[in-house]
Amino acid sequence: MSWVLVMPLVIPFITAVIAFILRNSPANRWVSVVGSVLALVAAAVLMVSVLKEGVVAAQMSNWSAPFGITLVADYLSAVMVVITAITGLATTVYALGEIPEETEKLGFYALFQTLLAGVTGAFLTGDLFNLYVWFEVMLIASFSLLVIGGGKERLDAGIKYVALNLVSTLVFLSGIGMLYGVTGTLNMADLRGAVAAAENQGLITVIAMMFMVGFGVKAAVFPLFFWLPASYHTPYFAVSAVFAGLLTKVGVYALMRMFSLVFVGDIGFTHEILLWVSLLTMFTGVIGAAAQTDFRKILSFHIISQIGYMTLGLALFTPLALMGGVFYLVHHIIVKANLFFVAGLARQYAGSTDLNRIGGLYKSAPLLAALFIIPAFSLAGFPPLSGFWAKYLIVKAALELNFWFVTFVSLFVGLLTIYSMTKIWAMAFWKPHPDGIDPTPNRAPPQVTRAMILPIAALAAMTIVIGFYPEPFVQFAETAANQLLDPTDYVTTVLGVQP
Amino acid sequence: MKSVIFETGARLLVALIFVFSLFMLLRGHNLPGGGFIGGLLGAVSFIVYSLAKGPAEARKALHMAPETIAAIGLGIALLAGLLSFFMGDPLFTGQWFWIGGDSYDTAVFAPNSILVFDIGVYLVVLGGILSLAFAFDEET
Amino acid sequence: MESLTAILIGVLTAAAVYMMLARNIMRFMFGLILLSNAVNLTIFTAGRMTKGEPALVPYGQDAPLTDIGNALPQALVLTAIVIGFGLLAFLLALVFEAYRRLHVVDTDAMRHAEPKEDTTK
């Protein structure tokens, strides 16, 4: 049974090793593509077995839980692994077009696959310290990917990103240490019982707040988000896309996991804080975006705003809200990565991402314009795209609780999102180019553009499919939410006994 | 830094430290020691060499880019872990083979995946530390 | 013993926070190193400081003969030290490269990624 859980993790690592050894030959990019396809197959197999059994768990090295490291996948983990593999594949294909050969020789694909391995590991692990280790695998790869290729901007952004993420890691790590001191275990399933049985519940709440800060920095929630807009607009577009799609979501996933499985003793306090944090995150993110005039900076601020919706789903903590949160998580990864892809291609055509200096893309690249409209409107929540259902579920959950203010903020932020997307549309696509020229991909041969447009089209198609046939996805999210709210299955599968 | 005394001493030291690092790697099988500490010591030996002769010479002595050594080490460690997968156990379960007997006590030689994993760790640490150390050495 | 290390952790953290508030990126980094040591000590202390033999089972036995120290926090701290070492080495390399290329260590002057708005327009 254990191999279905292990394969999605091992494949990226092996791919990374092979890609690194072959880094001086052009074959390394195809190694990365093949590895990503295999990882997607492995993720799909994992998904099938989770759909069949509910929760799948495996003990590494035959050390039984809670002593060894456990890998475990419930519905949420499984869907995150699948979406990671999809984003990984799309980004690898996109990188074929974008990443120059000298960057490849520095080991770009190896680092990229290591990043995917770290993200997958964080989704699959059932052990808190192991989660820390996967976070670090992910971080060290992301640090290198952020600064790879050089340039003053990237160095500057890299320092801010690295420094703040290291601080958050240390907060998270001391939280782990204190939780171990209180309960004597680090297995997440075991922690559920141990935390509930702990004598000093006040201390548990303090530790919970440390975790919230630690994961909050990773997830870029208010007021800990400032590293994100300082760094996400500098690296290669393929890197930005995978960062925007996956990295912050690991923080959100960790929040969802810990605050539904372990820290549920004082929901009135912890989730209330989370609620206000979410609302402020949504609001500041979207306001920040409104002030920007750079394609990628606008998108970066929108990541923050959308993160708020996901944590809002967790904060409301009803089945419907969590369901919306899970749905939002999946939808947002696809859409946000896609928007960064579009930004990259727009720069290939127009030569810049500064909206004041580009224009006329609708006329010279109508296909790109059409492909921008889909994720952009999906992000803003237009029916019948995936973003509509995601927002609908969250808003409905807020309405059911009679949280009028929350509902108002969600809808208002949605409105401002439309404003930002229209701004990009009007300035990059609609208005004529300020220099009076027709933007064309002057620097790139056609096969480069083709490699870049393929993943954009594929992800846009996924948004549409989820939008028109939301039924199975919503049902899936519902089961995932129920598993989060009642993790009995999770706990018994991991520990092998009734709690 | 150019010093005849250090250069002469380094020749002796490098070999000694490197052999000691291998000793540590093998000793770690049953006693404190192991791949990590061995790899650190191995890296120290090459760092001493690079301080004495310069990083270019040290790179030549290593024959391979340190990053590649680290990647190969990671591959070896992974393969050692995957071996248990082919034997039907969960990942990274230690696999033992007895040659010339049927248990640890009677076997003449007991190859196992744990030592292979340790060698992988040794190479990862050696390669990782050296790539950093050489980079710093070349900058200054 | 625990209270003594707790005080030490507090002092380390205070010093770390003081240094991390500086604008100089080198000071920030040294603060981070101190903080990382404070966190490692936290894990170590959280595992309770007991006197005991190393957690090794003698050959031919099923269990250790005497009281052993708690091995898990040691393993955790070792992992954390190694990872922390790697990350801090990376940060040092990054800061050094930034100093070489940008010629500043003052975080306020690092505005390449986020240039000041041109207010004259």
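Read from the N terminus, the elements of chain B run α-α-α-α-α. Chain B thus has a count of 5 helices and 0 strands, where helices (H or I, at least four residues) and strands (E, at least two) are DSSP runs numbered from the N terminus. The model is predicted: local features need pLDDT of at least 70, and side-chain atom pairs count only at pLDDT 80 or more, while totals for chains, interfaces and linings use all residues. Residues are numbered from 1 along each chain as its sequence is written, chains are lettered from A and ligands numbered from 1 in the order in which they are written, and side-chain values use heavy atoms, with hydrogens and water left out.

The C-alpha trace of chain B spans about 55 × 25 × 20 Å along its principal axes. Of the 140 residues in chain B, 39% are buried; buried means under 20% relative accessible area, exposed means over 50%, and partly exposed lies in between (1.4 Å probe, protein chains only). A contact means heavy atoms within 4.5 Å. Among the contacts in chain B with a separation of 6 or more, 59% are between residues 24 or more positions apart.

One helix of chain B holds a pair of charged side chains. Lys60(B) and Glu57(B) form a salt bridge, at 3.6 Å from N to O; the term stands for a side-chain nitrogen of Lys or Arg within 4 Å of a carboxyl oxygen of Asp or Glu. Both residues lie in helix H3 (residues 55-62) of chain B, 3 residues apart, which is about one turn of the helix. Lys60(B) counts as exposed because its relative accessibility is 59%. Glu57(B), at 32% relative accessibility, counts as partly exposed.

Over all chains, a search of the whole structure finds 8 salt bridges. Arg100(C) has a relative accessibility of 41% and so counts as partly exposed. Arg101(C) is partly exposed as well, with a relative accessible area of 33%.

The next topic is how chain C meets chain A. The contact takes 37 residues from chain C and 33 residues from chain A. Chain C and chain A bury about 3000 Å² between them, with 78% of it on carbon and sulfur atoms; buried area is the accessible area (1.4 Å probe) that two parts lose on being put together, summed over both. Leu87(C), Phe90(C) and Ala113(C) supply 20% of the area that chain C buries against chain A, more than any other three residues.

Between chain C and chain A the count is 0 salt bridges. The count of residue pairs in polar contact is 1 (both at pLDDT 80 or more). A polar contact is a pair of N or O atoms within 3.5 Å; within protein, one must be able to donate a hydrogen and the other to accept it, and residues adjacent in sequence count only if both atoms are side-chain atoms. Helix H2 (25-46) and H3 of chain C each supply at least two residues of the side of chain C that touches chain A. H3(C) gives the most to this side, with 17 residues. By class, the side of chain C that touches chain A has 24 nonpolar, 8 polar and 5 charged residues. Ala, Val, Leu, Ile, Met, Phe, Trp, Tyr, Cys and Pro count as nonpolar, Asp, Glu, Lys and Arg as charged, and the others, Gly among them, as polar.

Chain C also touches chain B, in a contact that takes 10 residues from chain C and 9 residues from chain B. The area buried between chain C and chain B is about 760 Å², and carbon and sulfur atoms give 77% of that. Across this interface of chain C and chain B the rule finds 0 salt bridges.
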